[in-house]
Structures are given as C-alpha cells and as structure tokens.
Amino acid sequence: MKAPARLIAIENVTKRYATSSGPVEALHDVSLAVGEGEFCTLIGPSGCGKSTLLGMLGGLVHPDRGRVLVDGQPVTGPDPRRVATVFQDPGLFPWRTALKNVEFGLELGGMPAERRRSIATELLGPLGLKGFAGKYPRELSGGMKQRVAIGRALAIDTKILLMDEPFGALDEQTRVLMGEWLLDIWRRTRKTVIFVTHSLHEALFLSTRVAVMTARPGRIKSVLDLSMDYPRSMESPELVALRAKLWGEIREESLRAMQ
Ligand SMILES: Nc1ncnc2c1ncn2[C@@H]1O[C@H](COP(=O)(O)OP(=O)(O)OP(=O)(O)O)[C@@H](O)[C@H]1O
Ligand SMILES: [Mg+2]
C-alpha cells in the first residue's frame, strides 16, 4: 500500500513555559508525522503537553525549538482555512442560536448570509440537531452543545480538525454515542483529525493511529498503528489485547506523573 502523504509534520519540538516558579518544560523533542485522512489520537497523563501540541498545530502556541509543518509549510499563526479546533469546553456564544453558532466561522470569513445559513442548516441533520436550529445554548443538553461546537468547526470545512478532549465533560453513555457519531462524520468527510482523549475506548474505537505520550516533559513514548476495519468490536481479542498493552503504557506514565 502506498504510504499516505504527510499532511502534518511535527519535528523535534520543544516547549518551555515561563512560570512564577521557574520554567516548565511541557514538551521535549517531540516528532510525529500525520498523513492525510488519518485519525490520530494523542493520549497521555494530565500535564504531558497534549493541549500544547494541539495549540502548536493550530498556530496558537509557538515552539521554542523544532518546527511544525502543515502541507509542507511552517505554521506561523492560526490559519482558519486549513485548521479548525474543537476545545473541551464547547465555548458557544449564549446569545446566538444553535444555527447561528454553527454559522459563526463562515460569518467571520465574510460569507454572505444566505449561503452560510444554507451550509449550517444542512450540517444540523448529521449533527442530530435538525429540530434545534433556533434553540439557544442554555436550552441544549451537554452532548448537543458539544455537537454544535463540532458543527461550528466542520462548517468552515478545513482539511484538518483538531479536537481537544471534545467529549471529556459528557457522561459515559453519551460519550460512547458521540464517538460513534464522530466516526461516521469522519468516515464521510475524510478529514485529518488529531484527537486528544484520556479514554482508551475512544482511542481504540476511533483511531488509525494512537500516539502515547510520556509524563511531562511530554515525549512520544510509542505509536500504535490500528489497521482494523470500522466499526470496531471492542470485545474482539485483538482490541482487548491492544487495550491491555495501551493501558500498561499509560499506567506507567500516569504513575510517573503523580510522583
Ligand atoms: N500558558 C501556560 N503557562 C504556563 N504553563 C503552562 C501553560 N500552558 C500549559 N502549561 C503547563 O505545561 C504543561 C503541559 O500543559 P498542557 O495543557 O499542554 O497538558 P495536557 O497534556 O493538555 O494536560 P491535560 O490532560 O490535563 O489537559 C503543564 O505542566 C501546564 O501546567
Ligand atoms: Mg489538555
């Protein structure tokens, strides 16, 4: 099989933050390449630099050393034409309806009202929010709000979608359903997704690749290639074995992070 083109290249990236108690090294010499159409998940203990790495891909955080390339070009700042981000907190505008929230990025990009309304309206169907276009965030459940936030990111139709623990605040059942829903969306749009989670289930159910990070300073500890077909049965012997392997690695790093 032909290797996928490397859409994203993270090359020897190191990041230190200045804090009141001295510098904190968040990432140390991290390298990772992600091909077009991949669903790549970052997993690792709290504070190991996952959000920092996503921030770099989104152009919001700058590396001290090394570089981050998207489509062969160094990332120098946010580029909403190429990269959209979904944060853990849906961050919806409370004064805008679900539809108007989904439209937001298109409005910012100067798209005429009629066109952006039609794009956002069409998205509400697959988002499972068809009857909720006119509702305000306070009238939506947590899962619905998160879907609106994902809709806002999908509407601008970038090649790359960064997702930082998008389902972290949801209950387990909703979370599993949202994972199934996201898988369906990803398979239809074939976007390149970089996904951060603490959930082994999500990582194994969704990803083409899982990068395990070490305790801070974050490095790539191992990369797991998952070639099983979708949708995956989490009870299959292969996935049960991979889950045990992944948990072994994460457990070790999480224990180190707690020391
Ligand atoms: N703006 C900042 N200023 C100072 N320190 C920061 C800043 N952002 C992150 N850090 C520190 O850098 C380290 C990595 O943070 P980061 O948020 O990237 O971790 P994370 O892997 O996303 O953690 P979590 O799983 O808890 O979300 C942490 O020690 C954090 O305290
Ligand atoms: Mg984080």
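A helix here is a DSSP run of H or I that spans at least four residues, and helices are numbered from the N terminus. Keep that in mind while moving through this predicted model.

**Stop 1: Glu 202.** Select residues 200-206, which form helix 6, and find Glu 202 within that helix. Is Glu 202 buried or exposed? Its relative accessibility is 4%. Buried means under 20%, so Glu 202 counts as buried. Now show what surrounds the residue. Leaving aside residues up to four places away in sequence, Glu 202 touches Phe 167, Arg 175, Phe 195, Thr 197 and Ser 207.

**Stop 2: ligand 1.** Select ligand 1 and display its shell, which has 15 residues. The closest are Ser 46, Gly 47, Lys 50, Thr 52 and Arg 216. Colour the shell by residue type: five residues are nonpolar, seven are polar and three are charged.

**Stop 3: polar contacts of the ligand.** Start at Ser 46, where a polar side-chain atom is 2.6 Å from an oxygen atom of ligand 1. Go on to Arg 216: an N or O atom of its side chain lies 2.7 Å from a ligand 1 oxygen. At Cys 48, look at the backbone instead, where a polar atom is 3.2 Å from an oxygen atom of ligand 1. Ligand 1 on its own has 640 Å² of accessible area, and the protein covers 65% of it.

**Stop 4: elements around the ligand.** Select strand 1 (6-19), strand 2 (22-35) and helix 1 (50-57); each supplies at least two residues of the shell around ligand 1. Which element gives the most to this shell? Helix 1 does, with three residues.

Notes: Residues numbered from 1 in each chain as written. Chains lettered and ligands numbered in written order. Predicted model: local features only at pLDDT ≥ 70, side-chain atom pairs only at ≥ 80, totals over all residues. Heavy atoms only, no water. Buried < 20%, exposed > 50% of the residue type's maximum accessible area, 1.4 Å probe, protein only. Contact = heavy atoms within 4.5 Å. Near = heavy atom within 4 Å. Polar contact = N/O pair within 3.5 Å; in protein donor to acceptor, adjacent residues only side chain to side chain. Areas by Shrake-Rupley, 256 points an atom, 1.4 Å probe, with all protein chains shown as cover. Nonpolar A, V, L, I, M, F, W, Y, C, P; charged D, E, K, R; others polar.
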